[in-house]
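Welcome! Have a look at the model below, and then we will walk through it together, one part at a time.

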Amino acid sequence: METPYLVPVYATYAVITLGLTIFLARTLSKNGAIFLEDVFKDTPKLAGAVNTLLVVGFYLVNLGYAALIMKAEGAETSVAAVEVLAWKLGALLMSLAFMHFVNLFVFYRIRRRSRLAQLPPPVMPQMQMQMPVPQYFPQPTA
Amino acid sequence: MNVPTALTVLYDSSCALCIRCRDWLSRQDAFVPMRFMACGSKQAREIYGSVPWLGEELVVVSDHGDVWAGPAAFITALWALREWREWSYRISGPELAPLAERFFHAISSNRKTIAAIIAPDPCEGGTCRVPHAYR
C-alpha cells in the first residue's frame, strides 16, 4: 500500500508531541513549585525534589504513550493525512489532559495532608485535669 | 483546648483485644507521640486517679491535661495518627458520629467476649508480644 503522506504525518506528530509535552511539563513544574513550597515549608529541598520527580514521571508517561499511539494505518491522500494527524493529536491531548488533572489531584492531596497536621482534635475533651509536675513525656520514636 | 503535643492512652491491659489495639496504634505513624499505660497499673492510678472513667472506658489524656473518654478517646487516638486523622474528622461529623459512637460502645462493652473469640490467649502470664516485636 502506498502511503506517501505517512512520513510527513509522523514528522508533524513528533514535533507537536515533543513541543506540547515540554511546554506542559514546564508549566506544571513552574506552577507546581509554588504549591509544593507552601507544603514543604520546612524542607525547601524536598519541594524541589518532589517537583522534579513529578515532572520526570509526567515526561515518561506522555512520551511513552505518544510513542505507543504513533503508528498509523496509512494516509493515501492529503485529506486522510490531516485526519490521521488530527486523530492522533486528539488522543494525545486527551491523555495529556488526564495526566494534568491527575497531577492537580496529587498536589491537592499533598496540600490537604499537610494542612491536616495543623488541625486540633475534632472532639472536645470531657474533662480538664491538673497535670502533675514533672510530666512524663513519651519520647517520639525515631 | 490546647492542641495536644503528646497523648497518654490508658487502656485495659486485661483484655487481649485492647492489647492488640494498643499494638496497632503504636505501630502507626503518628503526628503526636503517644505513650500507653495500663489503666489498672499503679502509675496510672497515681497520675490519673482523678479521671472518673479510668478502668471503665478507654481514656486519652493530653500533655495539657485534657481528658477524653469512650468514643471521644477513640476519635482522639485516631486523630493522632497520620493515616487516620482524616477519618477522625469524618467519623466525628454529624452523619457518622452516632454510628461511630454505637460501634465503639458495642466493641468496648463486649471487649472480653470479642477478645476470647479472636485471641483465646488471656495474656495473664504476661506472654503477649510487646509492640516493637511486630516491627
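Two residues count as being in contact if their C-beta atoms, placed from the backbone, lie within 7 Å. With that in mind, take the contacts in chain B between residues at least 6 apart in sequence: 62% of them join residues at least 24 apart. Please remember that this is a predicted model.

Chain B holds 6 helices and 4 strands. The chain has 135 residues, and 38% of them are buried.

**A sheet built from two chains**

Which strands make up the open sheet, and in what order? There are 5 strands, arranged E1(A)-E4(B)-E3(B)-E1(B)-E2(B), and their pairing is mixed. E1 of chain A and E2 of chain B stand at the edges; each has a single partner strand, so one side of each is left without a neighbour in the sheet.

Strands of a sheet pair through backbone hydrogen bonds, and they can do this in a parallel or an antiparallel way. You can find an example of each here:

| Strand pair | Sense | Bridges |
|---|---|---|
| E1(B) and E2(B) | parallel | 5 bridges |
| E1 of chain A and E4 of chain B | antiparallel | 2 bridges |

H1(B) touches E1 and E2 of chain B, and its direction makes about 160 degrees with that of E1(B). H3(B) touches E1, E3 and E4 of chain B, and its direction makes about 115 degrees with that of E4(B).

**A closer look at H1(B)**

Helix H1 of chain B covers residues 16-27, which is 12 residues. From its first C-alpha to its last it reaches 17 Å, close to the 16 Å expected at 1.5 Å a residue. Its buried residues are B:Ala16, B:Leu17, B:Cys18, B:Ile19, B:Cys21, B:Arg22 and B:Leu25.

**The nonpolar core**

The largest nonpolar core has 38 residues, and B:Val9, B:Leu10, B:Val59, B:Val60, B:Ala73 and B:Ala77 have the most contacts inside it. Several elements of chain B give two or more residues to this core, including H1, strand E3 (59-62) and helix H3 (71-79). Which element gives the largest share? That is H3(B), with 7 residues.

Leaving aside neighbours within four places in sequence, B:Ala73 is in contact with B:Glu57, B:Leu58, B:Val59, B:Val60 and B:Trp68. Apart from this core lies another, of 6 residues, among them A:Phe58, A:Ala66, A:Leu92 and A:Leu96.

**Where the chains meet**

How many residues of each chain are in contact with the other? The count is 20 residues of chain A and 26 residues of chain B. On the chain A side, 15 are nonpolar, 5 are polar and none is charged. The bridged strands belong to this story too: A:Met127 has B:Val67 in E4(B) as its bridge partner.

**One last residue**

B:Phe103 lies in helix H5 (residues 97-109) of chain B. Is B:Phe103 buried or partly exposed? B:Phe103 has 14 other C-beta atoms within 10 Å, so this residue is partly exposed. B:Phe103 and B:Pro71 are 32 residues apart in sequence, and their C-alpha atoms are 8.8 Å apart in space.

Methods
Residues are numbered from 1 along each chain as its sequence is written. Chains are lettered from A and ligands numbered from 1 in the order in which they are written. This is a predicted model: local features need pLDDT of at least 70, side-chain atom pairs count only at pLDDT 80 or more; totals for chains, interfaces and linings use all residues. Ala, Val, Leu, Ile, Met, Phe, Trp, Tyr, Cys and Pro count as nonpolar, Asp, Glu, Lys and Arg as charged, and the others, Gly among them, as polar. Two strands pair if DSSP finds at least two bridges between them. A residue is buried if 20 or more other C-beta atoms lie within 10 Å of its own, exposed if 12 or fewer, and partly exposed in between; C-beta atoms are placed from the backbone. The expected span of a helix is 1.5 Å times one less than its number of residues. A nonpolar core is a set of buried Ala, Val, Leu, Ile, Met, Phe, Trp, Tyr and Cys residues joined through C-beta atoms within 7 Å. Axes are lines fitted to C-alpha atoms, for helices over the stretch in contact, and angles run from 0 to 180 degrees between N-to-C directions.
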